[in-house]
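Have the viewer open as you read.

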Amino acid sequence: MKNETVVLITGCSTGIGRELCKILFDQGYTVVATARNVEALKDLPASLKLSLDVTQRESIYAGINEVISRFHKIDILVNNAGYSIRGALEEINVMSAKSMFDVNVLGIINMIQAVVPEMRKKRSGKIINIGSISGKFVQPINGAYCASKFAVEALSDALRLELHSYNIQVTVIEPGPIKTNFFKTLDNNSIDLMSNLNSCYSGFYESDARMRNTQIPTDPEVAAKAISDIISKRRMNPRYKVAVPFTYSMITHFPDSLKEYLLKKLYIR
């Protein structure tokens, strides 16, 4: 049954974004699916499919204008686009890190600046920022990505205060490991650095690869269903953990000294 709620989701080509489109569309939402390459959305059920690059303001505003022209409003924005690179901070390519921040952090700001004025006109809306459990505690050789997700936490908290008087809600989702192309993209972006046996950080890279091989990631459909339930709430909490392993969830509550002790045990051999 159609409910006329217009949801715009970024990063819908794979993973959580793609599964969330399917679930919300089946629930009757008016779903606007976006991705840099619109061809990747060919078989995805959606009310509208758009090419949208969150790092390019012209692309964003062209997409928003199309949505407003078709549906006259945007009720919910899901900032899902993002990716990861890995590497010790001493060795990581700074330009690669900058490109990641352009998507993971500045991309969210770009979308906020384009969409919030439309929500303010209606004096209502919901903004769901997809962060990560890595935005709650840092792992070695993952510092740049963790920093980008810590930034998502800060942006969400600031935005929630700034938009309170306009009845625009903001939450941040903190997923654990998800079975998507995320780690494949990570490997493609970082394989040369992390496979360098001559690196003084090779022990960290080996530990990271070993732990990722033993992880049991959650199916993206399960995570997307949890997010769809959050979206449907009348009032959203400031943040939600989704598909987070118990040990990861516990670590977020430990004092810094205990966190570091455990991470040293895991990574330093």
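First, the ground rules. This is a predicted model, so to speak of local features we need pLDDT of at least 70, side-chain atom pairs count only at pLDDT 80 or more, and totals for chains, interfaces and linings use all residues. Residues are numbered from 1 along each chain as its sequence is written, and side-chain values use heavy atoms, with hydrogens and water left out.

**Helix α2**

Helices here are DSSP runs of H or I with at least four residues, strands are runs of E with at least two, and both are numbered from the N terminus. Helix α2 takes in residues 57-71, 15 residues in total, and spans 21 Å from first C-alpha to last, close to the expected 21 Å (1.5 Å times one less than the number of residues).

Which residues of α2 are buried? They are Ser59, Ile60, Gly63, Ile64, Val67 and Ile68, where buried means under 20% relative accessible area, exposed over 50% and partly exposed in between, with a 1.4 Å probe and protein chains only. These residues sit on the same side of α2 because they cover an arc of only 160° around the axis, taken from the directions from the helix axis to the C-beta atoms. Over on the other side, Glu58, Asn65 and Ser69 are exposed. The buried residues of α2 pack against β1 (6-9), β2 (30-35), β3 (48-51) and α3 (94-122), with contact meaning heavy atoms within 4.5 Å.

**α1 against α7**

The axes of α1 (residues 15-26) and α7 (residues 220-231) come within 8 Å and cross at roughly 55°. Those axes are lines fitted to C-alpha atoms over the stretch in contact, with angles from 0 to 180 degrees between N-to-C directions. That angle makes α1 oblique to α7 (under 35 degrees is roughly parallel, over 145 roughly antiparallel, 65 to 115 roughly perpendicular, the rest oblique). Contacting residues include Ile16, Leu20 and Ile23 of α1, and Ala223, Ala224 and Ile227 of α7.

**Two positive phi values**

Most residues other than glycine have a negative phi. His72, which follows α2, and Asn167 have positive values although neither is a glycine.
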